Amino acid sequence: MREVAFIKQNKEKWLSFEKAVFNNDFKNPDELASQYIHLINDLAYAQTYYPKSKVITYLNQLAVKAYQKIYKTKPENTNRIISFWKTEIPLICYQYRKFIYVAFIIFFTFTSIGVISAANDGEFVRSILGDNYVNMSLENIEAGDPVAVYKSGSNWGSFIGITINNLKVGMIAFVLGVFLGIGTLYIMFKNCIMLGSFQYFFYEKGVFWESVRGIWIHGSMEIFAIVIEAAAGLILGASILFPGTHSRYTSFKIGAKTGIKILISTFPFTFLAGFLEGFVTRYSNIMPHILSVSIILITLSAISYYYLIYPFKVQKNITKNLMPNPSHI
């Protein structure tokens with residue numbers, strides 16, 4: 001069968017199934033599972049006969065969404081909270097992985113602009129960070145402790161204050177995505193420019209390594225989480241701009257629900273980053289180099305694995321377990 005005929009023959013069935021999945025319009029999980037089997041058969045057929053077709057991407061995304069519905073509605077003993085982080089979020093991250101990649105590209109681009117601007121304009125750092133902060137940092141550098149700012153206040157006070165602030169930044173980055181993603185881009189631009197100029201400032205003063213050891217003990221998870229939260233904001237904005245086969249309102253609801261789930265998934269990492277900043281970073285100048293570097297690498301590896309690698313493993317496992325036997329096609 002030619003691809004055009006295949007699509008024409010099954011289009012209405014797919015759209016009807018897609019509408020039912022997103023609107024929870026199924027009488028029971030068995031009905032959903034039955035329709036899901038037909039969808040998987042179509043996906044397997046397309047992969048066999050039209051391996052380069054875009055319809056494979058569409059059917060695969062729809063199959064993942066349907067699986068999530070089945071996974072959440074079928075009787076099981078798995079704790080709902082555990083399944084949220086173990087299966088649901090990884091599947092969402094896989095489905096919307098391009099938004100995460102775009103968010104990182106934007107992050108590196110804006111941060112580079114901050115670095116380049118600071119390198120070419122002697123007053124740029126002061127205009128971004130403020131005279132008081134720059135003067136305080138200069139005094140700390142002269143005193144031999146470039147990141148002394150992280151030692152101010154109590155452990156618990158710093159932990160709570162920093163965590164609340166980071167949660168606030170992440171939520172704002174997501175919510176402002178409602179302005180077609182422009183608000184999210186503004187938050188990223190503002191914070192990345194600050195980060196780039198901030199790091200260049202320490203590089204220019206000859207204490208770059210000391211700043212890295214201090215800042216990135218907590219910054220690895222903190223910054224990474226903000227990028228993921230920005231991706232959630234971009235998803236929200238895209239749901240309004242590109243509704244696809246849905247009405248704009250329905251697409252917005254889907255984008256908002258998806259974005260909120262991604263936002264919530266970052267909270268444990270944000271709390272851990274706040275804990276590290278409040279209780280560990282303040283000792284960076286006296287701890288062995290190997291320890292500080294190990295903390296940075298472990299935290300960065302953990303959050304990178306969860307959002308960039310683990311989703312592929314979950315998706316692969318689901319595809320392997322649920323694809324029907326070719327003899328049944």
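What follows is a short tour, from the overall fold to a few individual residues.

Keep in mind that this is a predicted model. The chain has 12 helices and 0 strands, and 49% of its 329 residues are buried.

**The fold at a glance**
- Reading along the sequence, you go through the pattern α-α-α-α-α-α-α-α-α-α-α-α.
- Take the contacts between residues at least 6 apart in sequence: 77% of them join residues at least 24 apart.
- The chain's accessible surface is about 17300 Å², and carbon and sulfur atoms account for 64% of that.

**The largest pocket**
- The largest pocket has a volume of about 930 Å³.
- Its lining is made up of 28 residues, with Gln 61, Gln 95, Tyr 96, Phe 99 and Phe 242 lying nearest the centre.
- Helices α1 (3–22), α3 (55–73), α4 (80–95), α5 (97–120), α10 (208–241) and α11 (248–279) each give at least two residues to the lining.
- The largest share comes from α3, with 8 residues.

**Asn 60, a spot to look up in α3**
- Asn 60 sits in helix α3 and is buried, because its relative accessible area is 17%, under the 20% cut-off.
- Setting aside neighbours within four places in sequence, Asn 60 is in contact with Leu 43, Tyr 94 and Gln 315.

**Salt bridges**
- You'll find 3 salt bridges in the structure.
- One of them joins Asp 42 and Lys 13, with the closest N and O atoms 2.8 Å apart. Asp 42 is in helix α2 (residues 29–49) and Lys 13 in helix α1, so this pair ties together parts 29 residues apart in sequence. Asp 42 is buried at 10% relative accessible area, while Lys 13 is partly exposed at 34%.
- Lys 261 pairs with Glu 88, and here the closest N and O atoms are 2.4 Å apart. Lys 261 belongs to helix α11 and Glu 88 to helix α4, so the pair links parts 173 residues apart in sequence. Lys 261 is buried at 12% relative accessible area, and Glu 88 is buried at 5%.
- Arg 126 and Asp 131 form a salt bridge too, their closest N and O atoms being 3.2 Å apart. Arg 126 is partly exposed at 25%, and Asp 131 is partly exposed at 44%.

**A nonpolar patch on the surface**
- Val 178, Phe 179, Leu 180, Ile 182, Leu 241 and Phe 242 make up a nonpolar surface patch with about 610 Å² of accessible area together.
- Phe 179 is in the loop between α8 (155–175) and α9 (182–204), and counts as exposed because its relative accessibility is 52%, over the 50% cut-off.

Methods
Residues are numbered from 1 along each chain as its sequence is written. This is a predicted model: local features need pLDDT of at least 70, side-chain atom pairs count only at pLDDT 80 or more; totals for chains, interfaces and linings use all residues. Side-chain values use heavy atoms; hydrogens and water are left out. Patches are made of residues with over 30% relative accessible area and no salt bridge: like charges are joined within 9 Å, nonpolar side chains (Val, Leu, Ile, Met, Phe, Trp, Tyr) within 5 Å. Accessible areas come from the Shrake-Rupley method with a 1.4 Å probe; for residues, only the protein chains shown count as cover. A salt bridge is a side-chain nitrogen of Lys or Arg within 4 Å of a carboxyl oxygen of Asp or Glu. Helices (H or I, at least four residues) and strands (E, at least two) are DSSP runs, numbered from the N terminus. Buried means under 20% relative accessible area, exposed over 50%, partly exposed in between (1.4 Å probe, protein chains only). Contact means heavy atoms within 4.5 Å. On a 1 Å grid over the protein atoms alone, a cavity is a set of points where a 1.4 Å probe fits but cannot get out, and a pocket is an open set with protein on both sides within 12 Å along at least five of seven lines; lining residues have an atom within 4 Å of a point. Grid points are joined across faces, edges and corners, and a volume is the space filled by probe spheres set on the points.
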